[in-house]
Structures are given as C-alpha cells and as structure tokens.
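Please read the following note with the model open beside you. The points start from one residue and then widen to the parts around that residue.

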Amino acid sequence: MSDAYILGIESSCDETAAAVVRSGEQVVSNIVASQIATHQPYGGVVPELASREHLRAIVPVVRQALVEANQDYKSVDAIAVTQGPGLAGALLVGISYAKALAFALDKPLIAVNHLEGHIHAVLLEERQKGNYEQQFPVLALVVSGGHTHLYLAARKGQGWTYENIGHTRDDAAGEAFDKVAKLVGLGYPGGPIVDRLAPHGDATAVKFPPAQIKHRDRRVHRLDNHRKENGGESEVESDRPRFDFSYSGIKTAVLRYVEVHDMQRSIEMRRQTLASIAKPKLEHYLANCDKRTLDLVASFQRAIVEDLVGKTLTAARAYDVATLFVTGGVAANSELRRTFERDGAQEGLPVYFPSRPLSTDNAAMIAAAAYPKFLAKDFAAMDFSAEAGLVLR
Amino acid sequence: MAVTGREMTREITTHSPEETIAFGRTLAELLSPPKLVLLRGDLGAGKTTLVKGIAAGFEAAEEEDVTSPTFTLVHEYRGPRANLYHIDLYRVDTQRELETLGLDDLRSESSVLLIEWGEKFPRFLRERDVEISLERESEDGRRINISD
C-alpha cells in the first residue's frame, strides 16, 4: 500500500486545528489556530469556544496545514474530522467544512471520535520513533480539562475497540487544576502554571483527604433502552470492576483552606498584579506567591497525581494489561509523567505519553486515528452529524 | 415555605451529597418543561451534585454519568419527558461569547435548561423561570433555596 496523506480537522472545543499525517505514522504538518499569525492581533488569547471563532480560523488553519505539508487540496487522500464529543456548534464548523471539502474534491470523508484521537496521538508518535509493536491489552487514561476516562483498548481487524472502565463522577482532573489555579489568583487556564510552581512548594505541607467517591456505587441494573437509543453510555457488562474518579471534593478542600487561612486578600492582590503583566513569567509568579500558596498548589498537584496514578495502576493490575497510554492535556503535567514512569517501571508496565504538543487538542491525532478507518474503507456518509455526547466504543 | 404574591420560595437543608441528589430527584416534577433554571452557588456548593439528582429524576441519565460541564460548556441528557441541558458559563465572560454558544437554539417545548453562572448575564436573571441557589452551611450541609 502506498503512502496515504490524511488531512485532519479538529474543532470540538477551544482549538481550531488542522494537520496532515502520512499513513498514521508521520506528522507532516500540525497547525493549531492559537499559534498562527491571523490571531496575533487578538494577542492569541481569544477563547476558541465560540463557533464564530472556529469559523474565522478554519480556512486559514487548513490552508496553513496544507502549505506546511507541501500538499494541496487535491493531493490529500482523505479528509478526517472530529465528530464528537464536544460542543455541538463548534463541532459543526469542522464537520461542515470537511464535508464541503470532501464533496467538492471527491475525497473520502472519515468521522473520528475525539477521545480515540487522543489515544492515537500516542500510537502516532511511537510509530514515528519506529516502535510499531504495542502489547495488548492496552489501558488508556485520557485526562484533560473535559475528560478523565479509562479505556481498555483491543484490536479488531484493522481498527480498535474500546471499553470504558472508569470516568470522573464530577470534575475532570484538568478542570480541578484550572479551578484551583483561578481560586488562588493564578489565572485561567492554570494547569501549566501549577505544574511549574509546584516544585517550589512543599507537597507534603497540606494534607488532602484521598479523593473519595462519596456517591454510591453504580447500580447493577442499567437504565432502560431509552438512553441506548439516544447514544447514552450504557455498558453491557455490569460486573466488570470500575475505577471511577472524583475531583470535586479536592477543589472544595482548597477553597476551604483558602478561607480558613484568610488568604483571600493576598489572592486578590496576586490576581491584580499578575493581570497587569502582559505575559507573566515564572519569576513573576514566584515573586507574587508566598510559601503557603506554593505549598498549597504543590500539595494539591501531588494529591491529584497520586490519585490518578494510583487508580490507573490498580485498574491496570485488575485487567492485567500489557501497556499503558496516558494522554490528553493533563498528560503534559511533569509530575504526572514522572510518577507514572516511576511507578509503572516498578510494576514492569510500559507507559507511553504523547509529546506535549500532541497531548493537548490537535488535528494530527484525528488524522492518525482516521488511518485504520481509511484502510478499512470505513467512510462517513455525507449526512453524518455532530454528536456532542459521542461515546467511545 | 413562604408564599409572597406569585413568587414562591422554599428552602431545605441537606446533610450529604446523597441527600442533595435525593432532593434533586424530587425536583423533576417542579421543573416540567419548558423551563429555564438558574443554578447559583459558589465553587463546591453542590450544583453538579444537584443536577445528578434532577437528571436521574427525569430518567435522563444515571447520576454517576452526570459530570461537570465547566470545560465542555454544555451537557445534554435526553429523557422521555424532557431534554435536559446542563450549561456552565463559568468560562464565558462576554456577551459575544455567550451569543455564539447558541443557547437559544436549545430552548424548546421539551427542554429544561439548567444554567450555572447564568447570573453573570442580566438576560438570564430576567428570563429565568426558576432559580435554585445552593449555599454551603458546613462540611456536608447545604442550604438549597428555590424560587419560582
């Protein structure tokens, strides 16, 4: 089979992105709107959540992805686009554009699940390094601002199948990072800055109760068929062990800590000072954080990381998996990577992460996840629609 | 329960997340569609926890599958009697961002919109049918106030 160049388009949430990937194994170009010139007049901080922003960005982003790949509209072999999950209005922008391109150019159209994209970001980069062999079963932790999901992945023919064995019952891990950062005056989104500040604090200073799942366990009986018809999540198995997460309690615990220790005034001062600096650097953050705040964010990060790693490795043992993937925006967190590598190695479990640029939302992962579907000729009909609550199976 | 003119308010205190969920289940009747509901309360006040109960009461979702929509902005749960939209405007600050979310498209005879941080926008304060506010009284105690 000769090389296949797939143009991927992603617009499920904040980022408008396009990429060209060769045969699911090499990123030829990878463009994310917030990085390119057309957005610089806005300081690159325009939240892409609005479909109008996707609409504005999609044509230049796709064009740039083709130019950087030395391709043009006619030379690519297929067009892949995120179908869901995500924000319906945002998804529709990518889908409509992909459909129009596929129709006008008479190219195959491939619909991709965003979460499958995150998993394939790992595979893509491993192949790029020459590693084509993954041992199955694979356990994948997809952890981002919107998701904290555990999937067991297996091969089926050319493609992959997935079984969800756990997800957050309330807040996603990345959401907890963002909310805590905002809570202590570090701005939003705050995952990256918490990551950089945490080494400067004492991670053992503040004790958080282990993230408890307070709600009762999943009932054995599943809701009626109504939800199945509507594409709701409804596993067949009910006796398979589940590993759910919960990060709402720790967010509330940080809020309590701030109140009990009377930190509100200094937090407000920090917020104003940092807001007055155009692009605050680490030293600005450090100069505006007292020891108590640094200890708090370090302890918070440690608590989240230990919970994510602990539950994931427990799930890995329960399902006797051979390989672990950790992917999604929070997979860029340094302490999470270090801890997974250390603890995974102790158990003899290989752990794979995407590089940081491919951890967060991007279109290369969409083009990569589309490749097995391209080989299987699993093409989307022209009338397929956005599915905000699309489930990965 | 206090009745003042057309307005009716009622208040309840729950003592655990489970109780908050159980109370949410009872709200499905009060919130028969179409409704626009404002959910008010600080971080950690229990807004998502209450929505778990409401969604379960509508048979639109299992409580463990109802999660925070902060990042994703809108979660949809379809039930036999209503389509529930759990909306979080925490990340939405400007009118322009709000408009492009297209929330008006979600409003229909069969829809119930449950909006967190909707009070940031005056139009929702005007247009809301019901307002539910949650306040933290103690570690697990929550005072829930409903006005319609």
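1. Ser359(A) counts as buried because its relative accessibility is 0%, where buried means under 20% relative accessible area, exposed over 50% and partly exposed in between, with a 1.4 Å probe and protein chains only. The residue lies in helix H12 (residues 356–359) of chain A; helices here are DSSP runs of H or I with at least four residues, strands are runs of E with at least two, and both are numbered from the N terminus.

2. This is a predicted model, in which local features need pLDDT of at least 70 and side-chain atom pairs count only at pLDDT 80 or more, while totals for chains, interfaces and linings use all residues. Residues are numbered from 1 along each chain as its sequence is written, chains are lettered from A and ligands numbered from 1 in the order in which they are written, and side-chain values use heavy atoms, with hydrogens and water left out.

3. Which residues does Ser359(A) touch, not counting residues up to four places away in sequence? They are His118(A), Gly328(A), Gly329(A), Ala331(A), Ala332(A), Arg337(A) and Pro354(A), contact meaning heavy atoms within 4.5 Å. With Arg337(A) there is also a side-chain polar contact of 3.4 Å; a polar contact is a pair of N or O atoms within 3.5 Å, and within protein one must be able to donate a hydrogen and the other to accept it, while residues adjacent in sequence count only if both atoms are side-chain atoms.

4. Arg337(A) is one of the buried residues of H11(A), and Leu336(A) and Phe340(A) are also among them. The cover over the buried residues of this helix includes H12 and helix H10 (291–318) of chain A.

5. Chain A is divided into domain 1 (5–133 + 358–375) and domain 2 (165–349), with bounds that come from an automatic or database domain assignment. Seven residues from domain 1 of chain A and eight residues from domain 2 of chain A take part in the contact. The two domains bury about 540 Å² between them, 71% of it on carbon and sulfur atoms; buried area is the accessible area (1.4 Å probe) that two parts lose on being put together, summed over both. In domain 1 of chain A, the residues that lose the most area to domain 2 of chain A are His118(A), Val122(A) and Ser359(A), together 68% of what that side buries.
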